[in-house]
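Here are my notes on the model, as numbered points. Please read them with the structure open.

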Amino acid sequence: MIVGPMTIGIVGAGTMGAGIAQLCIVAGHAVRLHDASEAALDAGRERIDAGLERLVEKGRLTEAARDSARQRLSLAQDPGVVASGADVVVEAAIEDMAVKRAIFELLDRTAPLQAILATNTSALSVTTIAAATAHPERVLGLHFFNPAPVMALVEVVAGERSSTPVVEAAIAFTEGLGKRAIPCHDAPGFIVNRVNRPFTIEALRMLEGAEADIAAIDAAMVAAGYPMGPFALIDLVGVDVNLAVAQTLFVGFGDAERFRPSPIQAQLVAAGELGRKTGSGFYRYDQAGSATGPAPRFTARSDDAIDAGTIRSRIELATINEAYRAAGDGVASPPDIDLALTLGAGHPVGPFARARDIGLGHVVAQLRELEEQHGERFRVAPSLWQVASI
């Protein structure tokens, strides 16, 4: 295991790539940031400079440390340069399997044999990406959350052929950046994007059925202690990005009904209404990026709208159920799933802790009632049945 400053290659100078690069140079590593677009590289450097200035303004970085960090960053438009002599290479390109496999085939040929190759994918199969290389044992996932300099969680995803020493070294590297590394196995959505999917999917089901409007749903979840409501979150992440993850999970779990993407999102994407970045999505936004209110098409609801308690209960019960499914599939341990949901998704408590507060028998009874009302997406997870029956 390498100790001390390392050379880090980062592929992709977008929001995530620039954020990871900032983390690395602040931690003392030398970074080569690559993008095929010169404009993207310039924009990435500007993002990093702005991030460093914010740290100085907050008193978390001295001006001298800022200047030293800047000197550790170099830009590389040549893809063959980014991995040369690197200890770790992190790919943060678009969520496209063919693109990522092509990148890793190149990285595998140009990086030193001892280098760790990591993908920042949020939902694609690490094992499938690694299969494009001759050395899949050194490939794994390092899923940083957006914004990378702020969010504490990194999911360290072991593919089917990732070696134990590589996973351990990646955890040490991640913790050296000041992050909390949570190990998990390669499965669609990993921990957070899978277990937290009901937070948005179930909210969309309520909207589809005119059971509640977006303002009521968001207000109910904020009142329950969540940092923002489902629709504000979708707009922040990007309607297109959220839909892409939903589609990946739907396909990854064999078209499971509980992951079926919402046609409402598809309609918004087709209309170019992608959330904050386009000025409209589920909400409308002014030029400063502040929400001015829900989009008019989402303000109507039926006379028998459900109340805030029902909104919260349905979303949380679906989340608890998926958490038990993930644990039963061996994706991660219950304590790690709870920690991931609190750090990566801002849940006030993790789903297993919430289930204990409610009572497992009561959770099962409520899920059975919901299955009768809404169908198989609320079918009780086998591992939850087992634990509740003890």
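1. Strands S7 (residues 153-158) and S8 (residues 180-185) run parallel, joined by six bridges. Helices (H or I, at least four residues) and strands (E, at least two) are DSSP runs, numbered from the N terminus. Strands count as paired if DSSP finds at least two bridges between them. Within this pair, Val156 stands opposite Pro183 in S8. With helix H7 (residues 164-176), S7 and S8 make a right-handed β-α-β unit. Right-handed means that, with the strands pointing away from the viewer, the path from the first strand over the helix to the second runs clockwise.

2. A word on the basis. This is a predicted model, in which local features need pLDDT of at least 70 and side-chain atom pairs count only at pLDDT 80 or more, while totals for chains, interfaces and linings use all residues. Residues are numbered from 1 along each chain as its sequence is written, and side-chain values use heavy atoms, with hydrogens and water left out.

3. Strand S4 (residues 88-91) pairs on two sides of the account. Strand S1 (residues 7-11) runs parallel to S4, with four bridges between them. Gly9 stands opposite Val89 in S4. Strand S5 (residues 116-119) also pairs with S4 in the parallel sense, over four bridges. There, Glu91 stands opposite Thr119 in S5. From S4 the chain crosses through helix H5 (residues 97-110) to S5, and this β-α-β crossover is right-handed.

4. Which way do the side chains of S4 point? Val88 and Val90 point one way, Val89 and Glu91 the other way.

5. The largest pocket has a volume of about 1500 Å³. A pocket here is an open set of points on a 1 Å grid over the protein atoms alone, where a 1.4 Å probe fits, with protein on both sides within 12 Å along at least five of seven lines; lining residues have an atom within 4 Å of a point. Grid points are joined across faces, edges and corners, and the volume is the space filled by probe spheres set on the points. Of the 46 lining residues, Met16, Phe145, Asn146, Val237 and Val241 are the closest to the centre. Elements giving two or more residues include helix H1 (15-26), strand S6 (139-144) and helix H15 (334-345). Helix H12 gives the most, with six residues.

6. The lining of the largest pocket divides into 23 nonpolar, 16 polar and seven charged residues. Ala, Val, Leu, Ile, Met, Phe, Trp, Tyr, Cys and Pro count as nonpolar, Asp, Glu, Lys and Arg as charged, and the others, Gly among them, as polar.

7. The second largest pocket has a volume of about 560 Å³. Its 24 lining residues have Gln22, Gly51, Arg54, Pro149 and Val150 closest to the centre. H1 and helix H2 (38-57) each give two or more residues to this lining. Its residues divide into 13 nonpolar, six polar and five charged.

8. Four aromatic pairs turn up in a search of the whole structure. The ring centres of Phe199 and Tyr226 are 5.3 Å apart with planes at 35 degrees, so this pair is tilted. Rings of Phe, Tyr and Trp (its six-membered ring) pair if their centres lie within 6.5 Å; planes under 30 degrees apart count as stacked, over 60 as edge-to-face and the rest as tilted. The pair links distant parts of the chain, 27 residues apart: Phe199 in helix H9, Tyr226 in the loop between helix H10 (214-223) and H11. Phe199 is buried, with a relative accessible area of 4%. Tyr226 is buried too, at 5%.

9. Backbone geometry next. Most residues other than glycine have a negative phi, and most peptide bonds are trans. A cis peptide bond joins Asn146 and Pro147, with omega about 0 degrees. Pro147 lies in the loop between S6 and S7. Phe190 has a positive phi, near 55 degrees. Phe190 sits in the loop between S8 and H8 and is buried, with a relative accessible area of 1%. Ala210 also has a positive phi, near 55 degrees. Ala210 lies in the loop between H9 and H10 and is partly exposed, at 29% relative accessible area.

10. Last, the segment before S1, where Met6 lies. Met6 is buried, with a relative accessible area of 10%. The C-alpha atoms of Met6 and His29 are separated by 5.0 Å, and the two residues are 23 residues apart along the chain.

Notes
Buried means under 20% relative accessible area, exposed over 50%, partly exposed in between (1.4 Å probe, protein chains only).
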